[in-house]
Amino acid sequence: MPYQYDISPTQKIYLDNLGDNTLITLASGGPGQQQQSGTQVATGPWTELPQVVRVGSGVLVRCTTGQRTFIWQVQGGQIGAADATAWPADQAEPMQVTASSAPVMQPMAPMQPMQMGDMQMSASPMTMRMGNMTLGKSHGNSSGAADGNASGTASGPQKFCTQCGAAVSTGDRFCGSCGHQLQ
Ligand SMILES: [Zn+2]
């Protein structure tokens with residue numbers, strides 16, 4: 001079960017006891033650009049819960065095993081062993097159990113914005129293509145309507161023989177097909 005302590009809003013320290021080893025992980029940075037460094041120390045299994053003390057801009061973390069007490073100083077992104085005599089026991093507080101272990105998926109964080117960028121970039125030409133398709137359709141519709149209008153206006157002056165229905169010219173006085181007298 002890993003233990004977590006927030007050194008600052010952008011820096012967290014994780015402590016986990018894995019078998020005979022203590023895994024110390026320092027995660028810093030904001031979401032999407034986290035950096036992580038860690039060290040593993042053969043401490044043996046803990047006999048006490050890990051504790052933490054704020055020291056200046058960093059912290060001291062402590063875990064106690066059957067053999068001895070281990071203290072590390074975490075400051076400025078560095079993890080180093082510290083002298084046990086430097087431990088201010090009266091200021092110590094227990095580290096908090098965290099459900100999730102140290103974040104190890106950082107490589108995926110920068111990929112997600114890139115994938116979203118590709119999607120956005122690919123979506124833009126799709127929209128533009130759709131725009132072109134819409135324009136092409138409207139062109140076809142307008143030209144078709146124009147054709148209908150043209151044929152309609154053409155059929156306006158176009159006359160037909162009232163007798164046989166044959167098409168006759170406007171100026172014709174007689175039907176060329178049946179000889180019916182036109183107006
Ligand atoms: Zn006729």
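Strands here are DSSP runs of E with at least two residues, helices are runs of H or I with at least four, and both are numbered from the N terminus; two strands pair if DSSP finds at least two bridges between them.

A word on the ground rules: residues are numbered from 1 along each chain as its sequence is written, and side-chain values use heavy atoms, with hydrogens and water left out. As the model is predicted, local features need pLDDT of at least 70 and side-chain atom pairs count only at pLDDT 80 or more, while totals for chains, interfaces and linings use all residues.

Another open sheet of five strands reads β4-β3-β2-β1-β10, again with antiparallel pairing. Its edges are β4 (35-42) and β10 (96-97); each has a single partner strand, so one side of each is left without a neighbour in the sheet. Strand β1 (residues 3-8) pairs with β10 over two bridges, in the antiparallel sense, and Tyr3 has Val97 in β10 as its bridge partner.

Then there is the metal. Cys161, Cys164, Cys175 and Cys178 coordinate the zinc ion through their SG atoms at 2.0 to 2.4 Å (donors are N, O and S atoms within 2.8 Å of the metal, or 3.2 Å for Na, K and Ca; water is not among the atoms, so sites may look incomplete). Angles of 100 to 118° between the four donor atoms make the arrangement tetrahedral, a label given to four donors if all angles lie between 85 and 135 degrees. Along the chain, the donors follow the spacing C-x2-C-x10-C-x2-C. Cys164 lies in the loop between β11 (159-160) and β12 (167-168) and Cys175 in the segment after β12, so this pair ties together parts eleven residues apart in sequence.

Cys161 is buried at 4% relative accessibility and Cys175 is buried at 5%, whereas Cys164 is partly exposed at 37% (buried means under 20% relative accessible area, exposed over 50%, partly exposed in between, with a 1.4 Å probe and protein chains only).

Terms used. Four donors count as tetrahedral if all angles lie between 85 and 135 degrees; four count as square planar and six as octahedral if opposite donors are over 155 degrees apart and all others between 65 and 115; anything else is irregular.
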